[in-house]
Amino acid sequence: MSVSRFGVSLDEELLKALDNYVSDNGFSNRSQAIRHLIEKNMVEEKWKCDNIVAGAVVLVFEQSKTEILKRSSEISSAYKEYVLSSQGFYLNEINYMEIIAVKGPSRILTEISDKLISIKGIQHGKLVMSKAG
C-alpha cells in the first residue's frame with residue numbers, strides 16, 4: 001500500500017489535544033493517531049448506515065451479583081439471532097467480566113448493548129463494533 005504525505009495546520013489547542021491523544025493511547029507518532037481516528041470515523045459512519053457489523057459487548061460487575069448474569073442471559077436469548085457467543089472471566093476476588101460477541105445491523109447491536117449496559121449493578125459496559133466484511 002502506498003503512503004501519501006500531506007501537511008496539516010492545527011491551532012495550538014487542537015495540537016495539544018492530538019499530542020495528548022498520542023501519549024494517552026500509546027501511538028508512536030501523530031500520523032498513527034490520525035490514521036486511527038480516520039479509520040474509527042469510517043467505521044462509525046458505517047454504523048449510522050445500519051450496515052452489518054460485528055462486535056462485542058463488554059460488561060464488568062461484581063461476581064456476587066448473580067442476578068446480572070441471569071438478566072444478561074435473558075437479553076441474549078431474546079436476541080439469539082445476533083448473539084454469537086458469550087464468555088466470562090473472573091478478574092479478581094470481586095469483579096467479573098462478561099464478553100458477548102454479536103453480529104448484525106448496527107442499530108440492533110446498539111439496542112442490545114444499551115439493554116445489557118443498563119442492567120442494574122453493571123460497573124462498566126461498552127460496545128465495540130467493527131465492519132464485518
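Buried means under 20% relative accessible area, exposed over 50%, and partly exposed in between (1.4 Å probe, protein chains only). The model used here is predicted: local features need pLDDT of at least 70, side-chain atom pairs count only at pLDDT 80 or more, and totals for chains, interfaces and linings use all residues. Residues are numbered from 1 along each chain as its sequence is written, and side-chain values use heavy atoms, with hydrogens and water left out.

**Exercise 1.** Find which residues are linked with Glu74 in a network of salt bridges.

*Solution.* Start with the term: a salt bridge is a side-chain nitrogen of Lys or Arg within 4 Å of a carboxyl oxygen of Asp or Glu.
- Step 1: Lys70 meets Glu74 at 3.1 Å, N to O.
- Step 2: for Arg71 and Glu74, the closest N and O atoms are 3.2 Å apart.
- Step 3: put together, Lys70, Arg71 and Glu74 form the network.

**Exercise 2.** Decide for Lys70, Arg71 and Glu74 whether each is exposed or partly exposed.

*Solution.* Take them in turn.
- Step 1: Lys70, with 55% relative accessibility, is exposed.
- Step 2: Arg71 has 40%, so this residue is partly exposed.
- Step 3: Glu74 has a relative accessible area of 37% and is partly exposed.

**Exercise 3.** Work out where in the chain the partners Asp19 and Arg30 lie.

*Solution.* Helices here are DSSP runs (H or I, at least four residues), numbered from the N terminus.
- Step 1: the side chains of Asp19 and Arg30 form a salt bridge of 2.7 Å, N to O.
- Step 2: Asp19 belongs to helix H1 (residues 12-25) and Arg30 to helix H2 (residues 30-48), eleven residues apart.

Definitions and conventions: Helices (H or I, at least four residues) and strands (E, at least two) are DSSP runs, numbered from the N terminus.
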